[in-house]
Amino acid sequence: MSELTQSSPLALGAQPDTGAALAPTQLELMRELGVKPRPGWTSRLSPGLAAFVTNGKGMAGVVILLILVLTSLCAPLLTDFDPKRRAGKPHVEPGYEHVLGTTRMGKDVFTQLVYGGRVSLAVGFGAGIAAAMIGLAIGISAGYFGGRVDDILSFFVNVVLVLPGLPLIIVIATMVEEASPLVIGLVLALTGWGWAARTIRTQTLSLRTREFVLSAELMGEKKWRIILVEIFPNMLSFVMGGFVLGTIAAILAEAALEFIGLGDPNAVTWGTMLFWAQNNLALQSGAWWEIWPPCIAIMLTGAALVLVNFAVDEITNPQLRASRRIGGIRRFLNRRGRSADVF
Amino acid sequence: MSLAELERSGPATAPGRTVVEMDGVDKDFVLGSLLNRTVLRALSGISLKLVSGRALALVGESGSGKSTCARMVARVFQPTRGTISFEGENIAGFTGRRLERYRSEVQMVFQDPFGSLNPTQTIGYHLERPLRLHRPEISGKAVEEEMLALLERVGLRPAADYLKRRPHELSGGQRQRVAIARALSVQPVVLLADEPTSMLDVSVRLGILNLLEDMKSQRQLAALYITHDIATARYFAEDTAVLYAGHLLEQGPSEEITERPQHPYTQLLIEAVPNPARKNSTTRSRRATDIPLWTNQSRGCPFVSRCPRVTAICKETMPAPTQIGSSHTVRCHNL
Amino acid sequence: MSSSPVSRPLMEVRGLTVDYVGETSVARAVNGIDFDIREGEAFGLAGESGCGKSTVAFALARLTRLPGLVSGGSVRFGGEEVLSFGKARLKAYRWREVSFVFQSAMNALNPVIPVSEQIMDVIETHEPRLGEKGARARAVEMFELVGIPPARLDDYPHQFSGGMRQRICIAIALALKPRLIIMDEPTTALDVVVQRDIIEQIVELKAQLGFSVLFITHDLGLMIEFCDRIGVMYSGELVEVAPASSILTNPQHPYTKALGNSFPPLTGPRQRLEGIAGSPPDLRMLPKGCRFAPRCPHAMQVCADTAPELRFYPAQQSEAACHLLN
């Protein structure tokens, strides 16, 4: 302590260390890293929505889904053919009249694709939403009420989770003879809610110990209100995630069931298209246009949903978002001969 | 009555009345599974009074049971033994309408300003709900006026700006003010403040404590102030009670407790407060051990593991309260 | 402890600037601060939330995580520029020369691994020639230093209390006999009595082993009892650096004065005190002049126009950044 006068840097009249790199001002730094103040329109939305709308992956997914949904809805505008009737010669290659060619039976592939999309997407989204809703209801109740209710509900959740999905669906579907897409959708909804229920229950358990929930209880709020207004909005990302993953699972499962022949072969869906293509040995006879379109359509839907899920993950976990700036920051450091801190 | 009218008309309760009384309260929690149960006794024989217009500070370390005490007055838990009464009535018997009314008579402010507000709702929502639940006589435009008046009263100006904001846009101190506004909106008689400033910056703490003081004196609230910091206890509360492992070891006026502490634990707490005037102190080598886990099988005084004055009798029986001053009591065999 | 007046300080920080890169803006958390840490000294960095003290700690340890970025300045440790260290040099730097104890470090202990393994892992990673036996002997030595019975070396973290776990973290920090330990709020999560115990222990160990400590906390009162010099930070800048003995008795900067008045006393009449009104400025859009001016009771016109520089005042033996002193 006695060296205070002598060794204080300023007392020695020390010059600013010329080796010390002078930092750029905040504005200069923003320019160098490419940080731009956003346009104002997003600030009028709620923060969650604003974050989603500015997320590239999420919006890409939404756009793809919109295109798929719109083409399916506008099917009659896009094609004059009937998906169930012969439209031309069998196995015509894609050309002007039949954009995606025809099947072995002479039905127009493009027509089948867009009409089939209606059913596949409806069943997929429908089953996904239904499973998410069931999972939400059961998960929240188990988490919030605890005790006996939790024990009973958790038992059912565990049962549904433990039973292997696809084999169970196959067993149920075979019992129903020719299962129409609606029946398939129902079966998927009733067997697919387990995962959502489990995650939502865990989230509810952690939320209900938070003080704002206790505060609402001490204020005398009714239980249903607490669940709906205090707990549920804080779990939106999990519900979204559950819905998205449930829908992907439903779409794939539906296609799979119909592909193996458990569906109604007279229905027109992406899955039944695959079934008939397989039946008619499309690949072996070189008619790739009978198999690829429904495959790609299913893949696109799945991919789009996964992109939306990535966006939801990034919004809930801001740490994932920070990775966007890594490149710029590394370059900034390299230019100054330094390395990044945490490897 | 609106806030403005209330402030003009004066306090709702006469000063100096005992509003809440805890009498010989024990609280047990059962832990573990069927094969391996322990009965944790969080509180043992707690007797204290909350008086309108005065604050009682409950000082203790974490695990002492102070939060449990507050939650029992708020009727989150029911006592295992003993009674808690509000204006003479035993609160254990409250149901239905009476319980609903009790919710507005006793309000709590929590420790964590980041946790006590719902992140997805606006500030306006947080103030509107209590008004809708407990003050149905206010409706329409008057609700918004009342909310603005409350925000102004707790020092959040311009009030209209705050209604639309969400909690993450406010600082810790501002959130705590919102929490206080929410508590006051239902015109309570008792205010339970559970470490309201421990998670706030030092420079902000006094502002919040001064606000609570103003509210307390204007409305003649009976306040229970929970803290681990005996210095702020002295600042805010007229009376202090010291809690250790669920036992009240010393109670009395704050000035007496801090200037003439009688119990060795109180003396230890006072010594632990950083005192810049006491630089490089030499008192040392008293390795602090844990606060013991008190169960229904435990006997004697809980402070034996740390006490410099411990004798044989301390391990057997819990000392009875000894009266020192007119309102100062201590529980120790070896004063 | 070196007593030669021209001895180089252990760590010299000049112009350190750290920014947080957000989506649409850049927040300057630390704005070009200068300070030194000497051999065997306990230097305290005080300030409230958002002042940047924790950011400084992470920057000195080269642990700035995205979106944080050290955008300028120099940190010299024993003459070498820490900010230019490569991966290999960093490995030797971290833990051997500088180690850290962070807030709630006690919660960062791996719950499924016995404590002995955790401390021995650290020793073996940095000093492999010691081998397992040597590492264990060192671990026992460390436990004894911090006052935990070595018999408990193989217990799991949950079997210790909070205070003991923090002591274990201090033992891990000392394991390789570093020259500087950076402690960021090491006792905030603990009770007052345990807090005092731990701090006293650190001071004892410091006297015994001769390391320096950078002690960061918001509790100014605690710091004064145990630190040699204290730097007060506000909104990313150092506003005052003074010996602990004079920082509260003779504060130079209005913020330090106001902070000192924020602690209710344990003696004397019970009277009303005032804290500091207002809140710190938004780090994304800093005011041109002094950052404390909007809340300062003595602000003048010059305070709003130009930012004051940290100057040394020999009469008070301290540095302060305030126009009022000129």
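**Two helices of chain A**

Mentor: Happy to. Helix 6 of chain A passes helix 15 of chain A in a right-handed crossing. Do keep in mind that this is a predicted model. To find the pair, look at residues 109–145 of chain A for helix 6 and at residues 288–316 of chain A for helix 15. Angles under 35 degrees count as roughly parallel, so helix 6 of chain A is roughly parallel to helix 15 of chain A.

Now for the residues that meet. Helix 6 of chain A brings A:Val109, A:Leu113 and A:Gly117 to the contact. Facing them from helix 15 of chain A are A:Trp289, A:Glu290, A:Pro293, A:Pro294 and A:Ala297.

While you have the model open, a word on chain B. Chain B is built from twelve helices and twelve strands. Its C-alpha trace spans about 70 × 50 × 45 Å along the principal axes. A compact globule of 335 residues would have a radius of gyration near 20 Å, and the 21 Å of chain B agrees with that. Of the 335 residues in chain B, 46% are buried. If you take the contacts in chain B between residues at least 6 apart in sequence, 68% of them join residues at least 24 apart.

Notes: Residues numbered from 1 in each chain as written. Chains lettered and ligands numbered in written order. Predicted model: local features only at pLDDT ≥ 70, side-chain atom pairs only at ≥ 80, totals over all residues. Axes fitted to C-alpha atoms, helices over the stretch in contact; angles between N-to-C directions. Helix = DSSP H or I, 4+ residues; strand = E, 2+ residues; numbered from the N terminus. Parallel < 35°, antiparallel > 145°, perpendicular 65-115°, else oblique. Left-handed = near helix turned anticlockwise from the far one by under 90°. Contact = placed C-beta atoms within 7 Å. Rg over C-alpha atoms; globule rule 2.2 N^0.38 Å. Buried ≥ 20, exposed ≤ 12 C-beta atoms within 10 Å, placed from the backbone.
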